[in-house]
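Dear colleague,

I am passing on the structure we spoke about, together with some notes on its local geometry. Please have it open while you read.

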Amino acid sequence: IRRELETESGLDGSLAKAIYKLCLNNFIYYVDFEDELSEQIFLNGGSFAVTRVIDASSNKVEETGLDSNRKVIRKEATEGKDKLINEISWMVNLPADVKTHFPRIIDYNIKSDPVYIEMEYYPMKTLRRLLLDSEISYKEASIILRNVFDFLFAKMYPPKYLVVKKFSIDDLYIKRINDRIILAGEKSSAFKRVSSIKNFVINGKKISNLIDGIKKIKNSKEIQKKLIPPYASLIHGDLHFDNILVNKKDFADFKLIDPRGKMYNGEDYGDYSYDLGKVWHSLNGLYDFIHEGNYSLSTDIKENLVVANLAILPSAALAEYSKIFLNLPK
């Protein structure tokens, strides 16, 4: 941190860039600051982005009519800034009736360094937080998800914003998966080691290597024909439960945050089943519990076999997730 602060870009005294560089260049997944006295509260801003809560500047209060006591969310990136530029451009160009359920943009600059966007701050909790903290039940969560789905299918998915495009599975999914496998291998020597092992037994079930599975899809026109969407539409692109802000007093009042923006193939449009897959991943894959560290894992890695046992730790929230999963709309 000291080295970074001594550079020219660090002379403004802000710790944001220094901490960002520290996290980027070292084996650190996430830094969480829980200091209520701090004027800048750092949030989890997704890949390559630093996100924090700041006071709204006086000129922006005048321009936007924002309450002078309100905070704004500032999201910025230097490394990997193309991803944030895509996200900003996508949000700015959303249709007016779609913008209602995304954060209101106060200011942005895609040519500055760092690239940044400032959005209205909403004092809401995410759907994940409400569930994990047992503040809502599965019945209430099901109502929230139904409201979210109603909005998405009416305003973002077909038929209103239908776009007929010829996509390939390679463009939509396979390139991204392969790139992420390489990136994960660079971050984790354990992942790099197991990614080359052919056979897995997970919780007693034999499973083939992920990379072999991807190759089968890539080499099978029959499988690809079933997977290619017949059309494309606007999609959020990262619709897990920690990206859904909810007003606990009014379940129709929600904001979708941290959208992917442009898709992996550079298009503004994508396959809406990707959004549904993220919800499935939250409920069937229990992503939220793994992300929060609420699990136990044992592994035995041999030359040609990985034996692993994964268990999500029992909790009231886990029972609620199971009930939400059973009550998903068909």
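The notes below cover a helix pair, a loop residue and some backbone details.

This is a predicted model, in which local features need pLDDT of at least 70 and side-chain atom pairs count only at pLDDT 80 or more, while totals for chains, interfaces and linings use all residues. Residues are numbered from 1 along each chain as its sequence is written, and side-chain values use heavy atoms, with hydrogens and water left out.

Helix α8 (residues 169-187) packs against helix α10 (residues 210-218) at an angle of about 160°, with the axes 11 Å apart, which makes α8 roughly antiparallel to α10 (an angle over 145 degrees). The contact (heavy atoms within 4.5 Å) involves I169, D170, I174, I177, N178 and I181 of α8, and L210, I211, I214, I217 and K218 of α10.

I169 is also touched by I228, as is F167, not counting residues up to four places away in sequence. I228 lies in the loop between α11 (221-227) and β9 (244-247), and its C-alpha atom is separated by 6.8 Å from that of F167, 61 residues apart along the chain.

As for the backbone, most residues other than glycine have a negative phi, and most peptide bonds are trans. The peptide bond from D113 to P114, however, is cis, with omega near 5°, and P114 is found in the loop between β4 (105-109) and β5 (115-120). S134, in the loop between α6 (127-132) and α7 (138-156), has a positive phi near 55°, and L286, in the loop between α12 (273-283) and α13 (287-291), has a positive phi of about 55°.

Best wishes

Key: Helices (H or I, at least four residues) and strands (E, at least two) are DSSP runs, numbered from the N terminus. Axes are lines fitted to C-alpha atoms, for helices over the stretch in contact, and angles run from 0 to 180 degrees between N-to-C directions. Angles under 35 degrees count as roughly parallel, over 145 as roughly antiparallel, 65 to 115 as roughly perpendicular and the rest as oblique.
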